[in-house]
Amino acid sequence: MTEGSRSRPAVLAALALSALAPLALLLLASVGRDWFFPAPWPPAMTLESWGDAFRGGGRMAAALGTSLVLAVGTGLAGAAVGWPIGRALADLSGWARHLGASAAFLPVAAPPVALATGLHLSALTAGVAGTTGGVFLSHLVPATGYAALYFLGVFTLFDRRVEDEARTLGAGPRTVLWRVTMPMMRRQLGEAFLLGFLVSWAQVATTLVIGGGRVRTLPLEVFAYLQAGQDRYAATGALLLVIPALLMLGAVRFAVARAEATPL
Amino acid sequence: MTAPALEVRGLSVPFGDAPGLRDIGFTLDPGERLVLLGASGAGKTTLLRAIAGLAPLAAGRLTVGGQDVTARPAESRDAVYLHQTPLLFPHLSIFENVAFPLRIRGYQDSEIRASVAELLESVRLDGLAGRRPHTLSGGQKHRAALARAMAARPAVLLLDEPLAALDPSLRDEVRATLLSLQAHYRPALVIVTHDLEDAAVLGDRIGILLGGTLAQLDQPDRLFQRPASLAVARFLGLPNLVAGSVAAGQFQSALGLIPVEAESPSGPATAAFGTDALRPEPCGSLQGIVRSVQYGPRGATLRVDVAGIELEVVTGAGAIPHPGDELSLGLERDRVTILPGIGDV
């Protein structure tokens, strides 16, 4: 047994602990009542904040729903818009390609507050400030940037001769897209969707600025609870932010693995 | 009268900024096999892609089965293009790969099942229908790609170096599969290769692409025995190119006088001939000294110095001479082609 293989269990245990310990602490904080420093353990337990999260009409439940709708929409739209942009960029070469990639990178690289400020002017002009649609569009900007850069890498490596051959076998461009290219890229499409989902899911600055406080997403609620000192609700909201993201990651991975294993 | 499977007329295809292919023309009958030979960068693949509708034309006209397809997109040309490496769809089973051309044409499931089963059987992949492409060997992938191409029942099948990436045993296997499928389904074949042996075996006719033009298009025996130009002779690797000149209806060189056709222009010329035009003879017209002997599977290759010109001779019969031996050679003059211009000597 090598030294590396001997230390592997310890490394894995440390990694698992570092991932699970904060979640366990959040879980405890979300159900602990009157838990103040330096008490090592909550003196009493309550599911009040969890009830609010899942009760129809509850503040947190509403924010959770809005976040889910925005994230799923952003994931889908980001992948759909990023695909052709990434492909077009991959077709370019030299300076044009650098310029295009830089343009796609801008909304990713710009500080969220700066991006939100810039987008706010556009949202006001378009009359979508303070609406869910406006917030969706503001999430879509960075999500599209990420997806376009992702697909730029994908299409740079993609062997287009497969499409050429499909064409000569009798498939028109639309058939090639739906029956060859997209099925071949199920995993990449799933990952691009997930990227957009996570970008939207974690947005705070753009939601706050474009939504103007009228569009309440889960991250905004968590901030509000923290500012109000409602740690139990904040911990519940934080867990709710983590869990769907993990579930979505697992679901995408599972769907892709299943699709790749199943003959069509 | 049956329309030609493929007719190419005055085809010009640019290579970026370079002139590219110019004024290419040939006709192919149904079931005929044309092999295109040329050096790397000669435009062989570009020509195939242009015929398939995957590369833009600068000029020219293409007909497939008598239909003008010049302006048609790749999917409507009835010409399937196969790349050197088999590009099976990785997300589909072998069955579905072969079924692909049939599904997009809207065939019924029962017809598809029957047709795919027949094709898979003909390429000996019937037991692997449910497998994914990545689980197949190199030869199996090639056979599956051929079966898929035949499923489209193309009038023309365009094959880009189909045997180049295969080791010798797989080459024979894929070549046999190709010829068997072609004999059954009868598409016209245009095959690009840089291998002279493949060309001779696969081609009913061979085209030589040199300098962007079709330098010669001929049956294999005529091509090798009667190259149309010095450039073709050089490309084919004819070992014996002897410089001389034509005057008064005769080619004159260190080999002596060889009669030429009356219309041959006077001036510098080269006699081109293969090793089969020379043979050791006790009272041959040429006397030389053996410079080297190289043994191979088809006999010994001799380099013989004849009046300061080194000629290549292959001999498989009788005693093999040694370097330094004197050797008398007979030259079959009707196997010698006199070409204008001066070649390597």
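This is a short walk through a predicted model, stop by stop. Residues count from 1 along each chain as its sequence is written, while chains are lettered from A and ligands numbered from 1 in the order in which they are written. As the model is predicted, local features need pLDDT of at least 70 and side-chain atom pairs count only at pLDDT 80 or more, but totals for chains, interfaces and linings use all residues.

Start with the contact between the chains: select 16 residues from chain A and 23 residues from chain B. Here, residues are in contact if their C-beta atoms, placed from the backbone, lie within 7 Å.

Stay on the chain A side and colour α7 (161–168) and α8 (173–184), the elements that each give two or more residues to it. Helices are DSSP runs of H or I, at least four residues, numbered from the N terminus. The largest share, 6 residues, comes from α7(A).

Next, zoom in on α8(A) and pick its buried residues, Val176(A), Arg179(A) and Val180(A). Buried takes 20 or more other C-beta atoms within 10 Å of a residue's own, exposed 12 or fewer, with C-beta atoms placed from the backbone. Look down the helix axis: those buried residues fall within an arc of 110° (by the directions from axis to C-beta atoms), so they line one face of α8(A). They pack against α7 of chain A.

Last stop, chain B: select domain 1 (6–224) and domain 2 (239–340), bounds that come from an automatic or database domain assignment. Their centres, taken over C-alpha atoms, are 39 Å apart.

Conventions
Two residues are in contact if their C-beta atoms, placed from the backbone, lie within 7 Å.
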